[in-house]
Amino acid sequence: MGIHKFFTSLNDLERIIRCPGRFKFEEHNVAAHSWKVSQYAMFFGTIEEMNGSIIDWKSLYEKTINHDFAEVFIGDIKTPVKHASPELKQMISHVEEKMMEKFIFNEIPEEFQEVFFDRMKEGKDATIEGRLLEFADKLDLFYEAFAELKRGNSDKEFVSMYQEALKKLLVIPLPSSVNYFKNTILADVITEKTPVDITALTKEVLTEAKPSK
């Protein structure tokens with residue numbers, strides 16, 4: 001069917017809801033998530049570039065907009081489940097990779113297959129673009145949890161999601177981005193009036209993150 005099949009599959013990403021099975025004030029789908037991740041990566045890529053890094057913008061945008069396309073095959077699997085064990089994470093990645101491979105072979109015109117294999121591969125790697133993808137992906141998780149806590153959703157899943165995302169953001173090897181997030185963005189976050197004590201949740205993580213003397 002040619003590229004038509006790929007284009008129609010993009011609609012499916014709009015119907016895949018993130019963090020399924022929990023009460024949420026705001027629903028988020030995978031397509032919107034990918035767009036937001038691209039926006040976050042664009043901003044923090046700019047931060048890194050202003051601090052002397054060289055950014056391959058084409059690679060960065062390709063990584064961000066495509067990073068969750070494989071969820072069209074398996075849906076959204078919650079982060080705690082994915083990371084329950086290294087073995088499970090590896091198995092899920094393997095399934096995604098094989099299903100993506102099959103899709104490209106069966107649905108993408110042959111003259112474009114090599115390009116698609118490159119663009120649809122795992123984007124989180126040791127390059128600065130891969131690290132920015134990781135940072136932006138975790139930042140969206142942080143903001144999805146923050147939105148629920150701000151609305152008064154005290155479900156322990158969102159408390160855990162907020163704190164776990166924050167912990168991971170603080171240790172991603174992008175010093176300029178991490179410093180800006182920690183010193184500028186978090187300063188704004190904790191000034192917001194929320195039914196759930198965001199300040200306490202945030203400071204708890206920041207205290208744990210401080211190196212012991």
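**Entry 1: surface and overall dimensions**

I began with the accessible surface of this predicted model. The protein chain exposes about 12,000 Å², and carbon and sulfur atoms supply 56% of that area. I then looked up burial: of the 213 residues in the protein chain, 43% are buried.

For the extent, I took the principal axes, along which the C-alpha atoms fill a box of roughly 55 × 45 × 30 Å. I also checked the radius of gyration, which is 18 Å for the protein chain. This agrees with a compact globule, because 213 residues in such a globule would give a value near 17 Å.

**Entry 2: secondary structure and contacts**

I counted 11 helices and zero strands in the protein chain. The pattern along the sequence therefore reads α-α-α-α-α-α-α-α-α-α-α. Among contacts with a separation of 6 or more, I found that 71% join residues 24 or more positions apart.

**Entry 3: helix 9 against helix 10**

I next examined helix 9 (residues 156-171) and helix 10 (residues 175-189). They pack at an angle of about 150°, and their axes are 10 Å apart. From helix 9, the residues Tyr162, Leu166, Leu169 and Leu170 take part; on the side of helix 10 they meet Val178, Phe181, Lys182, Leu186 and Val189.

**Entry 4: lysine 138**

Is lysine 138 buried or exposed? I located lysine 138 in helix 8 (residues 128-150). Its relative accessible area is 7%, so it counts as buried, the cut-off being under 20%. Leaving aside residues up to four places away in sequence, I found that lysine 138 touches Lys124, Ala165, Lys168 and Leu169.

**Entry 5: aromatic pairs**

I searched the whole structure for aromatic pairs and found 18. One of them joins phenylalanine 44 and tyrosine 180 in an edge-to-face arrangement, with 6.4 Å centre to centre and 75° between the planes. Phenylalanine 44 lies in helix 2 (residues 30-50) and tyrosine 180 in helix 10, so this pair ties together parts that are 136 residues apart in sequence.

I compared the accessibility of the two partners. Phenylalanine 44 is buried at 3% relative accessible area, whereas tyrosine 180 is partly exposed at 31%.

Finally, I traced the ring pairs onward. They link Tyr40, Phe43, Phe44, Phe135, Phe142, Tyr143, Phe146, Tyr162, Tyr180 and Phe181 into a cluster.

Key: Residues are numbered from 1 along each chain as its sequence is written. This is a predicted model: local features need pLDDT of at least 70, side-chain atom pairs count only at pLDDT 80 or more; totals for chains, interfaces and linings use all residues. Side-chain values use heavy atoms; hydrogens and water are left out. Axes are lines fitted to C-alpha atoms, for helices over the stretch in contact, and angles run from 0 to 180 degrees between N-to-C directions. Helices (H or I, at least four residues) and strands (E, at least two) are DSSP runs, numbered from the N terminus. Contact means heavy atoms within 4.5 Å. The radius of gyration is taken over C-alpha atoms; the globule rule is 2.2 Å times the number of residues to the power 0.38. Buried means under 20% relative accessible area, exposed over 50%, partly exposed in between (1.4 Å probe, protein chains only). Accessible areas come from the Shrake-Rupley method with a 1.4 Å probe; for residues, only the protein chains shown count as cover. Rings of Phe, Tyr and Trp (its six-membered ring) pair if their centres lie within 6.5 Å; planes under 30 degrees apart count as stacked, over 60 as edge-to-face and the rest as tilted.
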